[in-house]
Amino acid sequence: MEKRSFGRMGRTVGVVGLGAWQLGADWGDVSEADAHETLQAAVDAGVTFIDTADVYGDGRSEQIIGSFIKDKPQLTVATKMGRRMAQEPGNYTLDNFRAWNDRSRANLGVDTLDLVQLHCPPTSVFSSDAVYDALDTLVEEKRIKAYGVSVEKVDEALAAIARPGTASVQIILNAFRLKPLERVLPAAAEAGVGIIARVPLASGLLSGRYDEHTTFAADDHRNYNRHGEAFDVGETFAGVDFATGLEAVKRLRPLVPEGFTMAQFALRWVLDQAGLTVVIPGARNADQARGNAAVAGLPPLSDEAQAGVREVYDELIRPQVHDKW
């Protein structure tokens, strides 16, 4: 699999990673056995980067990954912190960071965490000198090797990129979210900051498997967070109205090259964007993990396909999402 670099972190990873939210909670039930099969299939297919968080299943995702990585030093595991308490700037302190890191280190079974990301904190946190000083202290104490941020908004990403210790920015990037291409990816590339693209399939909408009759389980965020009831609505279907998303996928289908699935087309679009380091599609089973990883071996999309994605975005999606994040 093609490798790309986190410049400031001094490490390369396979360009297709694995998002491990599904292995913890909020996507319906995934057994521990299925989770291990999914992880093994991803690694066998060339994946070297796994993304999780301390709140995915209240630590379940980290624990499953921890039991999996014991004999796999080639893997980079990124976790996140900050959503175990109320989302108030005053909670982003060194003492809390240490406590959260210690819990993640125990869950993952490691002395030093590879990469820890602030998990979509309040906007003011991104401009706090004290927060970055605390993160630098965690590196000095060898609790973490590097730190980054997970953001909702473009301006939050740019604020973090401007800080010399920021190694990565995780942001929603997919065919329904083109705004990061304008400023975030160019700024990150210039600074040597890695870009981790999350929600690349818009919570499955861009897989092409859904229609107007599709339903989701009660414990699936695609059911209970349709309007942002539990967390930022942009994390569910990338903030796009479900019916509009279905229409957009219908218009995108003629652009899919022969030999590609709709999901692979959507993932390949992300990989083709200049400045992208790694994309982290989720997977609930081994077949999905293998299908995602295979995208790294597919040819880049044509200029016509790229233009077609932008046309569909401009006509259907831009009015709903572009100015919100």
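## Basis of the model

Residue numbers start from 1 along each chain as its sequence is written, and side-chain values use heavy atoms, with hydrogens and water left out. Because the model is predicted, local features need pLDDT of at least 70 and side-chain atom pairs count only at pLDDT 80 or more, while totals for chains, interfaces and linings use all residues.

Two packed helices are described by the angle between their axes and the distance between the axes. Helices here are DSSP runs (H or I, at least four residues), and strands are runs of E of at least two, numbered from the N terminus. Axes are lines fitted to C-alpha atoms, for helices over the stretch in contact, and angles run from 0 to 180 degrees between N-to-C directions.

Helix α1 (residues 32-44) and helix α2 (residues 60-68) have axes that come within 10 Å and cross at roughly 55°. That makes α1 oblique to α2 (angles under 35 degrees count as roughly parallel, over 145 as roughly antiparallel, 65 to 115 as roughly perpendicular and the rest as oblique). The crossing of α1 past α2 is right-handed, a term used if the near helix is turned clockwise from the far one by less than a right angle. Contact means heavy atoms within 4.5 Å. In α1, Glu32, Ala35, His36, Leu39, Gln40 and Val43 meet Arg60, Ile64, Ile65, Ser67 and Phe68 in α2. By class, this contact of α1 with α2 has six nonpolar, three polar and two charged residues. Ala, Val, Leu, Ile, Met, Phe, Trp, Tyr, Cys and Pro count as nonpolar, Asp, Glu, Lys and Arg as charged, and the others, Gly among them, as polar.

## Helices α3 and α4

The axes of helix α3 (residues 94-108) and helix α4 (residues 129-140) lie 9 Å apart, and the helices pack at an angle of about 40°. The two are therefore oblique to each other. α3 passes α4 in a right-handed crossing. Leu94, Phe97, Arg98 and Asn101 of α3 make the contact with Val131, Ala134, Leu135, Thr137 and Leu138 of α4. These residues of the contact of α3 with α4 divide into six nonpolar, two polar and one charged.

## Helices α8 and α11

For helix α8 (residues 242-252) and helix α11 (residues 303-321), the axes come within 10 Å and cross at roughly 170°. α8 is therefore roughly antiparallel to α11.

## Cavity and pocket

On a 1 Å grid over the protein atoms alone, a cavity is a set of points where a 1.4 Å probe fits but cannot get out; a pocket is an open set with protein on both sides within 12 Å along at least five of seven lines, and lining residues have an atom within 4 Å of a point. Grid points are joined across faces, edges and corners, and a volume is the space filled by probe spheres set on the points.

The count comes to one cavity of 30 Å³ or more. The largest cavity holds about 60 Å³ of space. Its lining includes Glu152, Arg177, Tyr313 and Trp325, and β8 (166-172) and α11 each supply at least two lining residues. The lining of the largest cavity divides into seven nonpolar, one polar and three charged residues.

The second largest pocket has a volume of about 250 Å³. Of the 15 residues that line this pocket, Ile69, Leu75, Val110, Asp114 and Lys145 lie nearest its centre.
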